[in-house]
Amino acid sequence: MDASAPHAYGNEAERRYHLRRLDDLLEALERLNLAEAKTLPEPVKARIEKEGITVEDGTSFSRLIELVWAQQEKYLIDLKADRRKGSRRVGDGVIASHRVLDDDAFLLDSGFDGLG
């Protein structure tokens, strides 16, 4: 991602809101794909189009998933640029590294044993 590119969001809450909405869409599309659905339900199509993605008839679920991922990119944080500015989480009272280390899933997946 280009650090000089304008953000698609005004603040952290807005960024997270959009990411959650797009994550919900991805989950719905993945379920439809796994269920081998033949058509895109109208409510899901409407939500995708509300996010600014054009849905043409006959577009595969895997292609729609790719389009939603592409839309998500503008809400992701560029870690290199973000490190230069400092943590975005300082305002909520939790230092970012503590939050990651407190995440049990991270500890289990990374093999981190805390004895390091």
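Mentor: A helix here is a DSSP run of H or I, at least four residues long, numbered from the N terminus. This is a predicted model: local features need pLDDT of at least 70, side-chain atom pairs count only at pLDDT 80 or more, and totals for chains, interfaces and linings use all residues. Residues are numbered from 1 along each chain as its sequence is written, and side-chain values use heavy atoms, with hydrogens and water left out.

Trainee: Which residue just after helix 2 takes a positive phi?

Mentor: Look just past the end of helix 2. Phi there is about 90 degrees, and the residue is Gly-52.

Trainee: Is Glu-51 buried or exposed?

Mentor: Glu-51 sits in the loop between helix 2 and helix 3. Beyond its neighbours within four places in sequence, its contacts (heavy atoms within 4.5 Å) are His-18, Arg-21, Leu-22, Leu-25 and Gln-71. Buried means under 20% relative accessible area, exposed over 50%, partly exposed in between (1.4 Å probe, protein chains only). Glu-51 has 9%, so it is buried.

Trainee: Against which helices do the buried residues of helix 2 pack?

Mentor: Those residues are Val-44, Lys-45 and Ile-48. The face turned away carries exposed Glu-42, Pro-43 and Lys-50. The buried residues pack against helix 1 and helix 3.

Trainee: How far apart are the end C-alpha atoms of helix 3?

Mentor: Helix 3 has 13 residues, 61-73.

Terms used: Helices (H or I, at least four residues) and strands (E, at least two) are DSSP runs, numbered from the N terminus. The expected span of a helix is 1.5 Å times one less than its number of residues.
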